[in-house]
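Dear colleague,

Please find below the structure that I am handing over to you, together with its sequence. My notes on it follow.

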Amino acid sequence: MKNILPKKGLSMEEILRKLKEYAADDLDPYSGRLFTIAFEPGVEEMREVAFEAIKMFAFKNMLDFTEFPSMIRMEKDIIDYSTSLMHGDEQVAGTFTFGGTESVFLAVKAARDCFILKKGSITIPEIVMPVTGHPCYDKAAEYMGLRVKRVRVNEKTFAADPDAINEAITEDTAMIVGSAPNWPFGTIDPIKDLASIAIDKGVWLHVDACVGGFVLPFMKKLGEKIPDFDFAIDGVSSISMDPHKYAYAPIGASVVLFRKKFYKMFSQFSNLKWPGYPIVNPAVLSSRSEALLAAAWATMHFLGEEGYLELARKIISAKNKIVEGFKEAGYSAMGEPSVIAAFTSEINLFKLSDEMAKNGWILMPQKGIASMNIPPSLHLTINPIHEKLADFMISDLKKCTEVVKELPQTEAENLLEIFSVALGMLSPGEMDIATLAKLFAQAEKVLEVQGERILQALGLEKGFPKEMGSIFQLLASIPPEMAELLASYVVIEIFKKGI
Ligand SMILES: Cc1ncc(COP(=O)(O)O)c(C=O)c1O
C-alpha cells in the first residue's frame with residue numbers, strides 16, 4: 001500500500017486548497033436543494049457561532065470530565081432544555097451522544113439489561129416496532145444480541161397500528177418503539193396507545209423523537225395538530241431526540257432521556273477491573289471531542305426560543321406549499337406529513353428522482369413493501385430554507401413528472417421486474433442461520449471472481465453516479481438480505497478504491 005503522507009508537512013494554504021479539491025463534487029448542504037439528510041435553517045450567523053465553538057473545544061476530550069468541567073456544564077444545559085421540551089420532571093436523566101443511533105443504542109441497552117434482570121434468566125430479548133422504525137434498532141439488536149420484530153402499520157395513516165404491536169408482544173419482549181415522527185413517511189405514531197400497551201404488558205416504551213423532538217413542540221405552539229408523544233404520557237420510558245436534526249446543530253449531536261435516573265444506570269458503562277484509570281462512560285464511545293457538544297450548545301443559545309419558533313413557522317409554510325404542489329402534480333401524501341412528507345404515484349419514482357436530480361433537486365425514492373401494502377414513495381425532509389425555494393422545486397416537479405410519464409420502459413427494467421418477482425419467490429421471509437451462512441459463503445466466492453464486473457454493470461466502478469435511481473431500483477427489486485450484501489460489498493469496494 002502506498003504511503004500517502006507527505007514527508008514534509010504542508011502549509012495551511014496547501015492543505016485548504018487540497019481539501020477544497022476533495023470537496024469539489026460534494027453537494028452544498030446549505031443550498032436548500034437537498035430534501036434528504038441536511039437540516040438547513042438558512043441562518044448564516046448561527047453557523048459562524050457554531051464554528052467558533054468547535055474551535056474552542058475541538059481538542060478537549062469528554063472521556064475525562066474531571067479535567068474539563070465545561071463538558072458537564074454544557075451537557076446539563078442541553079439535557080435540562082431537552083427534558084423541559086419533553087415535559088419531563090426532576091427524575092429524568094439524560095446523556096448527550098453523537099447521533100440518534102448512539103442514543104438508541106443506549107436506550108436499547110438499558111431496556112435489555114432491565115428486562116434480563118427482571119426476568120432473571122438469559123433469553124434473546126425482542127424489540128417490537130412498526131415496520132417504519134429506523135434501522136438503528138436492527139443495528140443495536142445486531143450489536144447487542146436482541147431480535148427485532150417489525151409489524152404492519154395502519155394502511156390509511158401509515159402510522160403504528162397498536163393492535164399489531166400488541167399481538168406481536170411475547171414474554172421475550174423487552175422493548176416496544178414508536179416514532180415522532182418516523183423517517184419514511186413523517187407520520188407520528190399513536191404514542192398514547194402504545195404507552196397503554198407498555199404499561200399493560202410491563203415492557204419498555206422508547207419514543208424515537210430523533211426527528212421531531214426539537215421541532216414538533218414548536219409546531220404545536222403554532223397551532224399544528226401534533227399528538228402527545230413525550231413524558232407527559234405515563235408509560236414512556238425513554239426518548240431520543242437529535243439536536244443535529246431540527247435543532248440545527250452541526251452533525252454529531254443527539255440526546256437520550258430516561259424517565260428515571262436508575263434507567264440511565266443501565267445505559268452507562270463503568271469499569272474498575274483493569275490497572276488503569278477508572279472508567280465511567282455515559283455514552284457508547286469513550287474518547288469524544290467536546291467540540292460537537294459545544295457547537296450544539298452554541299446553536300441552541302444563538303437561536304433561542306424565538307428563533308426556533310420562527311424556523312418552525314417557516315417549515316409549516318414550506319410544508320403547506322409542498323403538499324399542495326405535489327397534490328396538483330397528481331401525487332398523494334402517505335398519511336399526515338409533519339416535518340417529513342412522502343408522496344406516492346403510479347409513475348416510476350426512481351426515474352423521477354433522477355430527473356429532479358438533473359434539475360438540482362435531491363429527493364429520496366423509497367421502495368415501499370408490497371406485502372404490507374406500502375407502495376413506493378418519494379421522501380422529502382422539509383427544512384426552514386425550503387420556504388423560499390418550495391415554489392421553484394414544485395414547478396420543476398411538474399415538468400419532471402411529465403418527462404417521466406413519457407419515458408418508455410427499457411429492456412433492462414423489464415428484465416429487472418421479472419428477475420425481482422423470481423427472486424422474491426425464492427427468498428424465505430426470514431433467513432435462518434444455515435441459509436445465511438450458505439449465502440455468505442457463495443457470495444464471497446462470486447464477489448471475488450465477479451465483483452469488478454458487477455461494479456461495472458451497475459455503473460459503480462468509478463464511484464457513485466449523480467443519478468442513483470436505477471441502483472436504488474435494483475436494490476428495491478431483490479430480496480433485502482441479498483440487497484444488503486450487495487450494497488455492503490459495493491461500499492467496501494468504493495471506500496477501498498477511493499474516487
Ligand atoms: C426516526 C429516526 N431515528 C433514528 C435515526 C438515527 O439517527 P442518526 O442518523 O443521527 O444516527 C434517524 C435518522 O434519520 C431517524 O430518522
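**Domains**

In this predicted model, the C-alpha centres of domain 1 and domain 3 lie 32 Å apart. The chain is divided into three parts: domain 1 covers residues 53-297, domain 2 covers 311-406, and domain 3 covers 411-497.

**The surroundings of the ligand**

There are 14 residues around the ligand, and those that come nearest are G99, G100, T101, W183 and C210. By type, the shell divides into seven polar, five nonpolar and two charged residues. The element that gives the most to this shell is helix α4 (residues 100-119), which supplies three residues.

**Helix α7**

Helix α7 comprises residues 191-201, and its residues I191, L194, A195 and A198 are buried. These four lie on the same side of α7, because they cover an arc of only 105° around the axis. The elements that cover the buried residues of α7 include helix α6 (162-168) as well as β4 (173-179) and β5 (204-208). After α7 comes G202, which has a positive phi, near 70°.

Strand β11 (residues 340-344) is mostly covered, since five of its five residues are buried. I340, A342 and T344 point one way from the strand, whereas A341 and F343 point the other way; residues of both groups are buried. This arrangement may be read against a general rule: in a regular strand the side chains alternate between the two faces of the sheet.

Which strands are joined to β11 by bridges? One of them is β10 (residues 332-333), which runs antiparallel to β11 and is joined to it by two bridges. Within this pairing, S332 has T344 of β11 as its bridge partner. T344 is also among the buried residues that point the same way as I340 and A342. β10 and β11 form a hairpin, with six residues between the two strands. In the turn of that hairpin, G335 has a positive phi of about 70°.

Strand β13 (residues 377-381) is likewise joined to β11, here by four bridges, and these two strands also run antiparallel. A341 is itself buried, and it points the same way from β11 as F343.

With kind regards

Notes
Residues are numbered from 1 along each chain as its sequence is written. This is a predicted model: local features need pLDDT of at least 70, side-chain atom pairs count only at pLDDT 80 or more; totals for chains, interfaces and linings use all residues. Domain bounds come from an automatic or database domain assignment. A residue is buried if 20 or more other C-beta atoms lie within 10 Å of its own, exposed if 12 or fewer, and partly exposed in between; C-beta atoms are placed from the backbone. The arc is that of the directions from the helix axis to the C-beta atoms. Two residues are in contact if their C-beta atoms, placed from the backbone, lie within 7 Å. A residue is near a molecule or strand if its C-beta atom, placed from the backbone, lies within 6 Å of it. Ala, Val, Leu, Ile, Met, Phe, Trp, Tyr, Cys and Pro count as nonpolar, Asp, Glu, Lys and Arg as charged, and the others, Gly among them, as polar. Two strands pair if DSSP finds at least two bridges between them.
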